[in-house]
Amino acid sequence: YISLLPDDILVSILSRLTLKEAAVTSNLSRRWRYLWTNVTGLDFDANETLDSIAANPKLRSSERPKYINWVNRVVRQHKGPTLNSVRICFDLDKTSKCAIDNWVKFAVAKRAQRLELDLLENGEILRQPMRNYTFPYKHFSQCKSSRTQSSISIGLKCLKSLSLKCVNVNVGFVLSSCPALQYLSIHGSGDLTNVKVSGSSLVLKYLEIVFCLGIDTIEITNVNLVSFSYLGPTIKLIISDVPMLDEISIGEGYSGLENNENIKVFAFPEFPNLKQLILKVGAWDDDSLLEFTSLIKACPILNRFVLQVCVF
């Protein structure tokens with residue numbers, strides 16, 4: 001009797017299954033043959049294959065083409081007018097640029113609200129940035145400047161969440177081209193040097209930057225950011241006029257925040273609404289942590305202060 005339900009309801013049900021499970025339903029009958037091609041979320045997860053590659057790296061050269069062909073087949077068959085989310089999760093780099101470019105364009109053209117590119121090797125936390133795939137912002141810039149606004153440039157305005165691992169990206173382009181973006185996570189980008197997030201028109205609420213080793217400065221001013229997280233080497237961090245910010249997580253260096261003289265690089269302003277502060281601190285046996293108590297004075301309504309210490 002389930003086959004008597006309207007297509008919209010069946011597609012909603014299929015969208016709650018894994019992609020492979022949804023595709024298998026095409027074997028049920030003619031009624032079901034193409035229903036799965038209208039699912040609203042595409043999660044190209046391949047954890048089992050990634051585990052196999054981690055155990056035997058020689059499998060990478062044979063498994064990559066299989067993954068790319070799988071994603072390409074689904075992208076060609078998808079018939080739904082829009083998508084809620086697209087997630088790519090596999091060990092891929094710039095050698096697969098052509099395929100990944102097409103997937104990003106596909107997701108944006110389908111007006112996906114959430115896009116995740118997790119191209120990191122399984123079990124690793126870093127990759128040489130020169131091997132990274134580069135986000136195709138140059139292509140989108142060309143579309144944006146054309147007289148006839150394409151579905152791609154319109155799609156960028158629908159993006160609310162963007163998560164990038166081992167992807168070189170221009171933050172300025174992302175923020176200017178995605179006015180609805182609320183969540184931005186960047187892990188291991190090699191293009192970031194001086195990051196500036198500023199402007200009351202931005203709706204960005206959550207910003208996460210992890211192991212982008214080329215960064216010198218991060219400046220966050222005049223925005224309604226709610227949560228900011230940074231993990232990486234020592235930088236100059238400037239935060240001002242962020243009245244909505246109530247959660248900060250900062251970890252500097254490979255093991256933690258280098259204190260004493262390096263803490264002076266922070267211009268730590270008063271946060272009248274900050275309720276939770278997490279510090280990941282790397283210290284030698286003879287280092288003093290008392291210097292961090294001054295941070296508490298800048299947060300008058302702080303009710304949770306977490307100090308995570310890694311002693312060398």
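In this predicted model, Asp101 is a buried residue, with a relative accessible area of 11%. Its salt-bridge partner is Lys97, and the closest N and O atoms of the two side chains lie 3.1 Å apart. Lys97 and Asp101 are four residues apart in helix 5, so about one helical turn separates them.

Another joins the side chains of Asp43 and Arg87, at 3.0 Å from N to O. Here the pair links distant parts of the chain, with Asp43 in strand 1 and Arg87 in strand 2 (residues 85-89), 44 residues apart. Asp43 is partly exposed, its relative accessible area being 37%.

A further salt bridge is formed by Asp93 and Arg64, whose closest N and O atoms are 3.4 Å apart. This pair, too, links distant parts of the chain: Arg64 belongs to helix 4 (residues 60-77), while Asp93 sits in the loop between strand 2 and helix 5 (97-109), 29 residues away. Both partners are buried, Asp93 at 6% relative accessibility and Arg64 at 13%. Asp93 and Arg64 also take part in a network of salt bridges that links them with Arg60, Asp91, Arg127 and Arg131.

The chain has nine helices and 16 strands, and buried residues account for 46% of its 312 residues. Of the contacts between residues at least 6 apart in sequence, 56% join residues at least 24 apart. The chain exposes about 15900 Å², of which carbon and sulfur atoms supply 52%.

Part of the surface is a nonpolar patch formed by Ile2, Leu5, Ile9 and Ile13, which together have about 300 Å² of accessible area. Ile2 lies in the segment before helix 1 and counts as partly exposed at 44% relative accessibility. Leaving out residues up to four places away in sequence, Ile2 touches Leu10, Ile13 and Trp32. Ile9 is placed in helix 1 itself (residues 7-14) and is likewise partly exposed, with a relative accessible area of 40%.

Trp32 is also touched by Thr25, as are Leu14 and Trp36, again not counting residues up to four places away in sequence. Thr25 is located in the loop between helix 2 (19-24) and strand 1 (41-45), where it is buried, at 12% relative accessible area. The Thr25 side chain reaches the backbone oxygen of Ala22 at 2.5 Å.

Beyond its neighbours within four places in sequence, Asn194 is in contact with Asp216 and Thr217. Asn194 and Asp216 are 22 residues apart in sequence, yet their C-alpha atoms are 5.7 Å apart in space.

Finally, the cysteines deserve a word. A search of the whole structure finds zero disulfides. For Cys158, the closest cysteine sulfur is that of Cys178, at 10.0 Å, and this is too far for a bond. Cys158 is partly exposed, at 24% relative accessibility, whereas Cys98 counts as exposed at 60%.

Notes:
Residues are numbered from 1 along each chain as its sequence is written. This is a predicted model: local features need pLDDT of at least 70, side-chain atom pairs count only at pLDDT 80 or more; totals for chains, interfaces and linings use all residues. Side-chain values use heavy atoms; hydrogens and water are left out. Helices (H or I, at least four residues) and strands (E, at least two) are DSSP runs, numbered from the N terminus. Buried means under 20% relative accessible area, exposed over 50%, partly exposed in between (1.4 Å probe, protein chains only). Contact means heavy atoms within 4.5 Å. Accessible areas come from the Shrake-Rupley method with a 1.4 Å probe; for residues, only the protein chains shown count as cover. A disulfide is a pair of cysteine sulfur atoms within 2.5 Å. Patches are made of residues with over 30% relative accessible area and no salt bridge: like charges are joined within 9 Å, nonpolar side chains (Val, Leu, Ile, Met, Phe, Trp, Tyr) within 5 Å. A salt bridge is a side-chain nitrogen of Lys or Arg within 4 Å of a carboxyl oxygen of Asp or Glu. A polar contact is a pair of N or O atoms within 3.5 Å; within protein, one must be able to donate a hydrogen and the other to accept it, and residues adjacent in sequence count only if both atoms are side-chain atoms.
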